[in-house]
Amino acid sequence: IYGWGKLLEGDTRLMGTMTDITERLHATERLTRSEALLSHAEVISRFGSWEVNLEKSEAVWSNGLWRLLGYNPVEKSGMIVRSELYYQHVHPDDREQVRQNFSAFINTGVPGHTDHRLITVQGETRTVTSKADVIRRKDGKPTVIVGSVADVTEIRSAMRQLQEAKTLLNETEVLMGHGSWEFDLASVQILWSRGMYALHGLEPDLPALMHEEYADRFVVAEDQGKIRDLAETVLAQGSDVEIEYRILVGANLRTLHSRIRAVHDDQGRLTHFRGIVSDVTLLRRYEAENHQRLQELNQSNADLEQFAYVASHDLQEPLRKIGTFTKLLAERHAGSLDAEGRAYLERMQGAAHRMQSMITSLLDLARVGRNEQGAVHTDLNRLLGLVLSDMELTIDQRQARVETAPLPTLPCVPSQMSQV
């Protein structure tokens with residue numbers, strides 16, 4: 001209760017009034033709480049508000065706006081300022097544009113917003129967005145403008161980074177021959193990435209194609225049924241799938257591999273489909289060429305084996321005769337030969353035996369690709385002695401000297417090790 005009283009002059013009477021101000025106090029308390037809440041909101045959200053009296057060219061700033069500009073709001077709270085002070089904090093490169101926008105806003109009265117940079121008292125540059133509205137008299141003349149300024153430095157920085165990442169992703173998709181898309185079941189809309197447009201030779205400002213139109217326009221006739229069946233299966237089952245199909249882009253035939261993932265919400269309801277499409281034309285071409293080369297190599301190996309078999313068969317018959325006659329000569333006429341003759345005969349027999357082994361190894365070598373020739377433990381000292389015996393004439397003719405050291409016994413293919 002608020003009371004007021006007055007003692008009447010020349011009288012002993014007191015006159016006064018009593019007023020119930022409960023609601024007024026409650027309203028004052030609510031206003032105080034609202035102002036405190038607004039102040040906290042300005043701190044948390046990094047924004048401030050202002051009011052400009054056009055007739056007096058004066059402005060009132062909230063604590064949040066003082067704080068954005070780097071001032072102590074306690075010292076500046078409620079201060080009447082000139083509008084020019086705000087322009088002094090606007091970045092020089094943005095100042096003229098902000099003035100023009102503000103003048104245009106006053107003339108048109110259409111609510112709007114503008115982005116610009118501010119320089120704080122401490123010299124820090126911040127990016128802000130400003131919104132305003134105009135209050136007019138009954139005759140339409142603007143008298144007061146109210147507005148807000150929000151610090152969006154971090155938001156704009158994040159948006160730039162996001163745009164840079166998106167640009168990098170788009171360029172990577174185009175360079176790598178990839179594309180991606182997303183289909184929203186609720187809106188029945190599909191979005192294509194830039195790489196998806198590039199794969200199909202389309203400009204990115206064109207609308208993305210739904211699967212029916214896509215199949216009719218790009219997919220070769222033999223694969224169109226595959227695309228339509230896949231769409232029905234995916235919608236019915238809501239599961240992840242993969243598909244490979246061919247498209248015609250102009251006169252170019254391309255093979256695409258697509259991986260489709262079903263996206264569900266927290267309740268398990270199917271909401272989206274996302275897909276990644278890769279151009280595997282060159283990969284499939286290389287695979288086909290490699291397969292063809294492998295077949296040709298297998299045929300060449302078969303031909304080589306057949307040749308080795310025929311050659312070894314044709315060579316073995318005269319070699320057997322040489323072996324037979326040298327054996328008969330040794331058995332029947334060795335006594336009529338002197339020591340040197342018998343040595344020559346032994347060499348002939350040894351050479352014939354080794355020649356037989358070499359012919360057999362020729363066939364084994366042709367079968368190396370089939371793993372029919374296994375490694376065995378071999379005394380390399382004995383193997384080296386046989387090789388030197390075969391090359392004895394060559395060594396003598398060239399007057400070469402062969403120096404050897406003790407060699408181990410190793411698992412190897414003797415015929416191949418002899419060639420080494």
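Here is a quick tour of the cores and the sheet in this structure. It's a predicted model, so local features need pLDDT of at least 70, side-chain atom pairs count only at pLDDT 80 or more, and totals for chains, interfaces and linings use all residues. Residues are numbered from 1 along each chain as its sequence is written, and side-chain values use heavy atoms, with hydrogens and water left out.

**Nonpolar cores**
- A nonpolar core here is a set of buried Ala, Val, Leu, Ile, Met, Phe, Trp, Tyr and Cys residues joined through side-chain atoms within 4.5 Å, where buried means under 20% relative accessible area (1.4 Å probe, protein chains only).
- The largest one has 27 residues, and Trp181, Trp192, Tyr214, Tyr245 and Ile247 have the most contacts inside it.
- Strand 11 gives the most to this core, with five residues.
- Leaving out residues up to four places away in sequence, Ile247 touches (heavy atoms within 4.5 Å) a set of residues including Tyr214, Phe218, Leu253 and Leu256.
- There's also a second, separate core of 20 residues, with Trp61, Trp66, Phe105 and Ala132 among them.

**The sheet**
- Strands (E, at least two residues) and helices (H or I, at least four) are DSSP runs, numbered from the N terminus; two strands pair if DSSP finds at least two bridges between them.
- Five strands make an open sheet in the order 10-9-13-12-11, with antiparallel pairing.
- Strand 10 and strand 11 each have a single partner strand, so one side of each is left without a neighbour in the sheet.
- Nine bridges join strand 12 to strand 13, and Arg259 has Ile276 in strand 13 as its bridge partner.

Technical notes: Buried < 20%, exposed > 50% of the residue type's maximum accessible area, 1.4 Å probe, protein only.
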